[in-house]
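Dear colleague,

Please find below the structure that I am handing over to you.

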Amino acid sequence: MPRCRPHRCSLPALALLLLLAGCSHFLTRPEAPSVSLNNLQLVEATLFEQRYLLHLRIQNPNNFDLPISGMSYRLLLNGREFATGVSRDLETLPAYGEQVITVSVVSNLLRIYEQLRSPGDGEAFSYALEGSISLQGLRAPLPFSQRGELALNPR
């Protein structure tokens, strides 16, 4: 019966332990990043489609980097979908770090028309930013949601 010498058996075990330690933060589900709307900028407008740039502030509440592989998101105004978008090839978000990224969204004339004819109080409008972030090495995306209100007539 072959015998394993102590120093030969411990090398594969040590390699396995190092590999598991390096991937341990993906064994538990990371806390979802906080995503907030920083700015909205009209880029192009045609009769049927409008393109905007969304400037999003993303904050990582985890004690490890988040390698972002992609995002999907939508912007709602007064409870109605206004624009949608997807992005890929985003940067790694450092542990306890934040950054502002710029992504594009698309709207159409029908969505703008619905916003203009929807009744409102004329003083403010509500918005919601919803979506999910996909991480490299993690199958299930991390959802995010932010809601707010903007005053049209600041006092």
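How many bridges join strand 7 to strand 8, and do these strands run parallel or antiparallel? Strand 7 (residues 124-135) and strand 8 (residues 142-151) are joined by 10 bridges and run antiparallel. Two strands count as paired if DSSP finds at least two bridges between them. One of the residues involved is S132, whose bridge partner in strand 8 is P143. The hairpin of these two strands has six residues between them, and G137 takes a positive phi near 85° there.

Before going further, please note that this is a predicted model, in which local features need pLDDT of at least 70 and side-chain atom pairs count only at pLDDT 80 or more, while totals for chains, interfaces and linings use all residues. Residues are numbered from 1 along each chain as its sequence is written, and side-chain values use heavy atoms, with hydrogens and water left out.

Overall organisation

The protein has two helices and eight strands, in the order α-β-β-β-β-β-β-α-β-β from the N terminus. Helices (H or I, at least four residues) and strands (E, at least two) are DSSP runs, numbered from the N terminus. Of the contacts between residues at least 6 apart in sequence, 65% join residues at least 24 apart; contact means heavy atoms within 4.5 Å. The accessible surface comes to about 10,300 Å², of which 56% belongs to carbon and sulfur atoms. Accessible areas come from the Shrake-Rupley method with a 1.4 Å probe, and for residues only the protein chains shown count as cover.

The interior

Buried residues make up 30% of the 155 residues, where buried means under 20% relative accessible area, exposed over 50%, and partly exposed in between. The largest nonpolar core has 25 residues, and L54, L56, M71 and Y73 have the most contacts inside it. Such a core is a set of buried Ala, Val, Leu, Ile, Met, Phe, Trp, Tyr and Cys residues joined through side-chain atoms within 4.5 Å. Two or more residues come from each of strand 2, strand 3 (66-77), strand 4 (80-88), strand 6 (98-108), strand 7 and strand 8. Strand 3 gives the largest share, six residues.

Leaving aside neighbours within four places in sequence, the contacts of L54 include L37, Y73, I101 and L129. V35, in strand 1, is buried, with a relative accessible area of 4%. Not counting residues up to four places away in sequence, V35 touches L56, R57, I58, L129, I133, F144 and Q146.

The surface and loops

L47, F48 and L109 form a nonpolar surface patch with about 350 Å² of accessible area together. F48 lies in the loop between strand 1 (34-45) and strand 2 (49-59) and is exposed, with a relative accessible area of 63%.

Most residues other than glycine have a negative phi. N78, although not a glycine, has a positive phi of about 50°; N78 is in the loop between strand 3 and strand 4 and is partly exposed, at 36% relative accessible area. Y96 also has a positive phi, near 50°, and is placed in the loop between strand 5 (92-93) and strand 6.

Yours sincerely

Note on methods
Patch = residues over 30% accessible without salt bridge, like charges linked within 9 Å, V, L, I, M, F, W, Y side chains within 5 Å. Salt bridge = Lys/Arg side-chain N within 4 Å of Asp/Glu carboxyl O. Buried < 20%, exposed > 50% of the residue type's maximum accessible area, 1.4 Å probe, protein only.
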